[in-house]
Structure formats: structure tokens, C-alpha cells
Amino acid sequence: MPQKKIALIFLLLNSIFINFAFSQKISEVDKIVAKYPKSFDSTEKLADKIEKDFDSDYDRARAIYSWIAFNIRYDYNAYLNPPRVQGFSYSSEAEKQRKIKQLNDNLIQKAFKSKKAVCEGFTALYQHLAELVNLKCEIIRGDSKTNLRDIGRKATSSNHAWNVVLIDKKWRLVDVTWGQGYYDTSKGRMVNDFNPVYFDTNPEYFFAKHYPDSGTFLGDRISKSDFLDGPLIYNKTIENDYKIKTPNLGIIEAKNGDKITVEIKNVSKSSQVFYLNRKNQPVKVLNPKEKRGSLEFQILIDKNIGDYITIFIDTESIVSFKIV
């Protein structure tokens, strides 16, 4: 089901809940950072402010995430029309490293001053600020899974970047690019919508939407097939810990008359659960059953089912499957 049509149907409903949802999902750190100036004279002054206001490494890492997400916008035009790769010559390894550092510094300052960036700028700025407050931080490059066509894709590609930051002897996953907002296909533009779910994200959810170029995370091999063939999950899935227990594959082979059993953790019968049919009409699931902290229900495959099924809970998309 095209996401544009889904967005149009639920635009009005979502707007009713947007202010309530925002007030529920921000932390005390976010509230403090939201009062910061939108601009600082330098990254060093911003880092000094964060170090002064927050004592723990965790809060400082979160404050960096919040400030960037509040103030740096995704540059969709630059994404569509990327600048030419800037080459350079060098006569020694030392000169090469100096020039690489200068290019990276330029990228950081451009994002910081222009308030616009693509994922390379977001991750470079996050790493830079983290290091200024004495946090070890790295940039990871890899693939991302964001739309229905990604379900069952045949190969991965390097199209995204995110950070890992070391806090209390544990590496935490951070994607501040996705924390600042999203592209609304119905409006044809980026929407500013702070979302904290991509700070210190549960790896199980994170790697359902991210696949590192190396294929590993801290030495653990990540399954490429699980990434490519898994279902597509959404922000609310992560925020509410809606674990998709069944089906565990994103590609479902079925014929007319078959019934698909769906089980989602942390959903109750009081929730409104439905999907959209081929005509974009909402279809409420019938006879859902609560089962060990989960909700189980069935979907009948018939002529009204489209190429994809997206499950909604209380107007929010939760998971999508491809029907073959």
C-alpha cells in the first residue's frame, strides 16, 4: 500500500494527537535542551554548555542528540542533488590525513552553521560534539529500510550513516538523522518531528531498519537475510515495544482463502487494530485474542487484499508485510 495514500487518510487523525504525543515522549534532558539557543558561536561553546548542565555521560549524549534533532534539518534537496565528490592530491600519508580532517571539519561546520545536513553531516556533527564532551563515538555506514519496496529487496546498499557512542562501558546506537523528522510524501517536504526512539535504541529494533556495511555489530554477525526479508517496522513499533512475534518474515506466500496469523507483543484488546484493503478502506481485525502479553488475530487473504498489508494500532502504522 503506497505510504502517500496512507498518510492522506490519517493526516487529520494524527494531527489531533500530535501535541499530546510530543509531551509524552520528551525527557527532562530534552526539555532543558529545547530552551537552548538555536545557534551558538562555536561547537565548543555548545559542548561547554552541555557539560555544565549535565553530569552524566548518558545525559550529555542525549543532550547532543536532542540539540541536533531540534535544530538541524534534513537537507532533502542535497539528498536529491548530491554535490560532486571533492578529490585532492597528497604527497605523504600525513598530508592525506590532514586533508581528510579538513574535509570532515568543513562538513561539521557547514551542518552546524547552515542548520542543514544529510546523514553524513548529522553523524559527523554528533561524533564531533560527543568527543568534545569526552565521549568515545564512531560513525557506522550501511543500508536503511524505510519503505514497502524494501521488503524482500535482493541486495543491500550503502545509503545511510549513524553513530555508536560508548556510555558506561556499553556501546549505544544513535541515529539522530531519523530523530529530527521524516519526509512526508503527501506534503512533498520534510516534517520536523523530534523522536527520541533512535537514541540508545534496542538493537533488535535498530537492526530491523539498519544494516552495517561490515555486516557486524561489535563482532556479532548480523543476518543480511533477516534484514532484507524481515517485515518493515515503524517508529511507534519501537516506541511502544510492539514486538512482532508472528509472522517473523516480511514476505508472506499465500493464496485466496488462506488466513495469516499475526501476533504482536504489548497490544491489548482495547486497542483499535486494523489494516487497509486494496481500496484504502480500513478493515478492523475480527476476534482478536489476548495471549501471554500479546494480541493474536487472523487476516483472511482474499481479492480485497493488496500487494502489501500494513497493520495499524490506534491510527499508527506498526508493521508491513509483502504478500506474494
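Trainee: Ile-139 lies in strand β3, residues 137–144. What makes a stretch a strand?

Mentor: A strand is a DSSP run of E with at least two residues, while a helix is a run of H or I with at least four, and both are numbered from the N terminus. β3 covers residues 137–144, so it qualifies as a strand. Bear in mind that this is a predicted model, in which local features need pLDDT of at least 70 and side-chain atom pairs count only at pLDDT 80 or more, while totals for chains, interfaces and linings use all residues. Residues are numbered from 1 along each chain as its sequence is written, and side-chain values use heavy atoms, with hydrogens and water left out.

Trainee: Which residues are in contact with Ile-139, leaving aside its neighbours within four places in sequence?

Mentor: Contact means heavy atoms within 4.5 Å. On that basis the partners of Ile-139 are Thr-123, Ala-124, Gln-127, Ala-161, Trp-162 and Asn-163. Val-165 is 26 residues away from Ile-139 in sequence, with 9.0 Å between their C-alpha atoms.

Trainee: What makes β12 and β17 edge strands?

Mentor: They sit in another open sheet of 4 strands, β12-β14-β18-β17, whose pairing is antiparallel. β12 and β17 each have a single partner strand, so one side of each is left without a neighbour in the sheet. From one strand to the next the twist averages 35°. Inside this sheet, β14 (residues 259–265) pairs with β18 over 7 bridges, in the antiparallel sense, and Glu-263 has Glu-296 of β18 as its bridge partner.

Trainee: At what angle do the axes of α4 and α7 cross?

Mentor: The axes of α4 (residues 57–71) and α7 (residues 119–132) come within 10 Å and cross at roughly 145°. Axes are lines fitted to C-alpha atoms, for helices over the stretch in contact, and angles run from 0 to 180 degrees between N-to-C directions. The crossing is right-handed. α4 brings Ala-61, Ile-64, Tyr-65 and Ile-68 to the contact, and α7 brings Phe-122, Leu-125, Tyr-126, Leu-129 and Ala-130.

Trainee: What makes a space a pocket?

Mentor: On a 1 Å grid over the protein atoms alone, a pocket is an open set of points with protein on both sides within 12 Å along at least five of seven lines, and a lining residue has an atom within 4 Å of a point. The second largest pocket holds about 430 Å³ of space, a volume being the space filled by probe spheres set on the points. Of its 16 lining residues, Glu-204, Ala-208, Asp-226, Pro-231 and Asn-248 lie nearest the centre. α9 gives the largest share of the lining, 5 residues.

Trainee: Where is Pro-247 placed?

Mentor: Pro-247 is in the loop between β12 (244–246) and β13 (251–252).

Technical notes
A crossing is left-handed if the near helix is turned anticlockwise from the far one by less than a right angle, and right-handed if clockwise. On a 1 Å grid over the protein atoms alone, a cavity is a set of points where a 1.4 Å probe fits but cannot get out, and a pocket is an open set with protein on both sides within 12 Å along at least five of seven lines; lining residues have an atom within 4 Å of a point. Two strands pair if DSSP finds at least two bridges between them.
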